[in-house]
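Here's a quick briefing to read alongside the picture. Take a look at the chain first, then work through the points below.

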Amino acid sequence: MGALCAGHSRDTLDRFSDRCLHVSPCLSDPARRSTCCLRITLVMLHLIYLGVLFVFDKDLIHKTKEEPWYTTVYLILFAATLAQYFITSGSSPGYVVDAMRAVNEADASRNRASITSKQPASSKNGDVVIAIDSLQGRGTIAWTKLVMDMYPSGTSLRSVTCSYCNVVQPPRAKHCHDCDKCVLQFDHHCVWLGTCIGQGNHCAFWWYICGETALSLWTGTLYIQFLKSDISKPWWLYAIMILLLATLFFCLIFLLLLLLFHSYLILTNQTTYELVRRRRIQYLRNIPERVYPFSRGACRNLYEFCCAQRSKYRMEPLPTGQELEDKLRPYTCSDVLSCRCCC
């Protein structure tokens, strides 16, 4: 009897699992399932911190009635931070294969237009089709030439070809084993976001960290004010508030350090991967530590990162020997006055 009930329960559970996977196919992938759980956990933590304040903090409720703008601004920051989280987690970091496809399509369009313009008026449509078909392989050649021009002459094609994707990697690109794709200006793979951070979403990631840091700081201030208030509180509420505040404190320290670290990377035009694995990256191995080969000055780096209207797939060539020598030269007073060090 017990075995029969157990078998029936197992069948019911299997049918329920199959139904869930049919409704949400992404749950069949362990990596996506883990990312989904982490996202739900993050949202629940935000809601818990917010809910505890509005349920138990009578001073905040009273202040909301007298000064509604204060709570409104806080709630707007709360909603904007969560929105930025989902925007960043759903954005593309800039995959090499997508950039290659864009270059291939642009090259094919140019070739098609060139062939069409050169066809005589009496040519048949079939002749045009045959001519275009003969150029199908030129897109890959165009991408390879574009990328190889970014490296010093004499660079081996094999040394810059990804052994996993079999695509030619431009400088600063790296294969991510979690995403199983090569990423332009690869920074790191963020577990909490469930995506890589690269050229396409590094700016969105920085703004998310900035918003999360501000929200954590404001929430911590509200918790401290609640603990210092004269409202009578049971001991268990004190324990919960202190535990939440201590957890928030460690998260705030981590966020502040992360914000400062990525701000430094932005000002020097580096990535986390380039900074940590500098000695293992072939084209950075022989460059002195204090030289930032892709930096164009703090002001210009910041402008291009946040404000400049640029191509979705922007690739930077390796600096020439003369450019590296200029970066090695120490700054002088005239350089400061001419803004060489910051623009």
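Out of 343 residues in the chain, 36% count as buried. Keep in mind that this is a predicted model. Tally up the secondary structure and you get 13 helices and 4 strands.

**Surface and contacts**
- Take the contacts between residues at least 6 apart in sequence: 59% of them join residues at least 24 apart.

**Annotated stretches**
- An unreviewed UniProt entry puts the label "transmembrane region" on residues 38-56, 68-87, 205-224 and 236-261.
- One of these stretches, residues 38-56, is 100% helix and 0% strand in the model, with its end C-alpha atoms 27 Å apart.
- Residues 236-261 also carry that label in the UniProt entry; here the chain is 100% helix and 0% strand, and 38 Å separates the end C-alpha atoms.

**Cavities**
- How many cavities of 30 Å³ or more does the structure hold? There are 2.
- The second largest cavity has about 40 Å³ of space in it.
- Its lining is made up of 4 nonpolar, 4 polar and 2 charged residues.

Terms used:
Residues are numbered from 1 along each chain as its sequence is written. This is a predicted model: local features need pLDDT of at least 70, side-chain atom pairs count only at pLDDT 80 or more; totals for chains, interfaces and linings use all residues. Side-chain values use heavy atoms; hydrogens and water are left out. Helices (H or I, at least four residues) and strands (E, at least two) are DSSP runs, numbered from the N terminus. Buried means under 20% relative accessible area, exposed over 50%, partly exposed in between (1.4 Å probe, protein chains only). Contact means heavy atoms within 4.5 Å. UniProt positions are given in the numbering used here, feature names are shortened, and annotations may be inferred rather than shown by experiment. On a 1 Å grid over the protein atoms alone, a cavity is a set of points where a 1.4 Å probe fits but cannot get out, and a pocket is an open set with protein on both sides within 12 Å along at least five of seven lines; lining residues have an atom within 4 Å of a point. Grid points are joined across faces, edges and corners, and a volume is the space filled by probe spheres set on the points. Ala, Val, Leu, Ile, Met, Phe, Trp, Tyr, Cys and Pro count as nonpolar, Asp, Glu, Lys and Arg as charged, and the others, Gly among them, as polar.
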